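Visitor: I am new to this structure. Please show me how to read its features.

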Amino acid sequence: MTHQISGLFKNLITALFIVLSLTSFSQDISSDAGVITQGETLFNSNCKACHRVDQKLIGPALAGIEDRAPSIDWIKEFVRNSSKLIASGDEYANKVYEESGKILMTSFTSLSDDQIMSILAYVKAEAEKPEEVATVADGGGTGSGDGVPPTYLNAILVGMIVILVLLLVILGLIISSLKRYLDQKDLTEEDREVVHSPFTFSSIVQSTGFIFIVVFLVASISFKTVIDGLYTIGVQQGYAPKQPIAFSHKVHAGEYEIDCQYCHTGAIKGRSANIPSPNICMNCHTQIRSGTNTGETEIAKIVSAIETNRPIEWVRVHNLPDLAYFNHSQHVNVGGIECQTCHGPIEEMDVVKQYSLLTMGWCIDCHRTTDLNTKGNEYYDNLLELHNNNAMKVEDIGGLECAKCHY
Amino acid sequence: MRNMQLLKTVLIAIAGAAFLAGCKAGGDYPGLEYAANMYHSVAYEPLTQITDESAGTWVNSLNNGRGEYFNSNKYNPNRMNMRAPAPYTVKRNRNGWLPYRIGKDSLEYASTIKNPLDSTAAIIADGKALYTIFCNQCHGPKGEGDGKVGTGVSIGGVDKKFVGGVANLHGDAYLNMTEGHIFHVITWGRNLMLPHGSQIEPEDRWKIAKYVKTLQKK
């Protein structure tokens, strides 16, 4: 009998304990370090894409969520199936949905009660952290602006040149006044020769030797410039036109490392690499509406192009003459050539310029020196044998044929 | 007298050199063209358009007063050379696939569609290359949603902006997605991801879907 009672009592106590621990779990947010670290991992892998603790991103800032939301149970329900809660007409759920621009939160059905509680614990711990990170970031920000800007350097240089010229003028004046002073005195023949040197400026300039040197120098420099100038005719290397939108490849391809072909989709498919249509810009710019370099004006131009259905008239940079044919996919897809081989360090250019010569000699040079990649392509097996298994160049398979490019 | 003649020659040479130096391209100036009427296409060309009807009148040998370079279509909107294909145009592809006609809302149905491609190593390698081009910058090389566009970069102490809401493909909500689901989302977009159907061909989208499933197992 006593046995039974004590057994019953034990059961009661465990039941009570379970109930207590459950209620305490559903009400109190743990401040245990272990739970918080677990929450942090969960937050980073599941929530971070749309939520921050202290600022609104896609979803609301999560700081203070435990006080704002109707109940902890509500949070759990919303996390597991937000669309169901919204559809049920729950007032607060619908309010959150409206405030987030009617973007549904992904349902995380597999998160357990404990896991959601640990995420809440992490959010609470983060929200209560004193703000020291911000000040550190500020200090770092001001430190990076050091160094003299190049415009100041130029001004300093010009100032120094002006001072030097002034010094020369003053020295000249001193010499002439000294001469005049010395002329008034009685001088010996030797001294007179020192004061009035026979080699005056005009006598040197009028000498045949001097004229010959000057004419020779000017003529040879001019000849070189003429030849150089003639070689630039029909070559547009360095052409860097201003575009209708100040798009920076440095920001997109350099800093964000967006692949060239994300926008220039034609490079592996066809002749032209293609200029992206505005809808491709909007893949990111629906969210990013102000740039770090140009603010809102430039991105607004894309939006207005879409709204008015007017194409953006980019200025073509690489104008290959009509008499030559070029195909991107043959080089990028078949040849496996990097974009930078011909277009230069595009990822460092704010304004794109034509980097290469794009002359016939430039094409031919590359076709003569580039090895053919025949690996894993049976088509070339016999040809390789005929070449005694030596590496073939592009010219060996017709890379120098006139009609490959001119027809 | 002899000197004067020399001086003249020198001056002419300098003027000539200065004139030729002006041929060099730079900034907004494309440089002087040689045989200009062989440079400009009279026929319509993709991605180039000269809208000025009088451009290149001086090289025209037909004496009809028209510019030789003008190559835009006056009758198309915005003088474009190409028009958008007529609605319901079906693009021919080598697989003979019909266009994907499942609407954006039918995600549940789309999830049941099987990937028509096999899981060969070549296809998964293709998928990886395509993933690197089209998905990397947001979803990250491992699919953890940590691409530079998705997390932002810090350049010289300045935090650059980023696109929020990038899915961590290893998150619980995404692990059970079918390849049909992935294909549908690439085509139409979902939540904050915008449609990528215009950029990526259907076959390539299936390859990416295949690769994403491989990636999730890692």
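Guide: Start with burial: a residue is buried if 20 or more other C-beta atoms, placed from the backbone, lie within 10 Å of its own, exposed if 12 or fewer, and partly exposed in between. In chain B, 26% of the 218 residues are buried. This is a predicted model, in which local features need pLDDT of at least 70 and side-chain atom pairs count only at pLDDT 80 or more, while totals for chains, interfaces and linings use all residues. Residues are numbered from 1 along each chain as its sequence is written, and chains are lettered from A and ligands numbered from 1 in the order in which they are written.

Visitor: Which elements make up the secondary structure of chain B?

Guide: Helices (H or I, at least four residues) and strands (E, at least two) are DSSP runs, numbered from the N terminus. Chain B has eight helices and two strands, in the order α-α-α-α-α-β-β-α-α-α from the N terminus.

Visitor: What is the radius of gyration of chain B?

Guide: That value is taken over C-alpha atoms, and the globule rule is 2.2 Å times the number of residues to the power 0.38. For 218 residues a compact globule would have a value near 17 Å, whereas chain B has 28 Å. Its C-alpha atoms fill a box of roughly 95 × 50 × 30 Å along the principal axes.

Visitor: At what angle do helices H3 and H8 of chain B pack?

Guide: Axes are lines fitted to C-alpha atoms, for helices over the stretch in contact, and angles run from 0 to 180 degrees between N-to-C directions. Helix H3 (residues 121-134) and helix H8 (residues 202-217) of chain B pack at about 95 degrees, with axes 7 Å apart.
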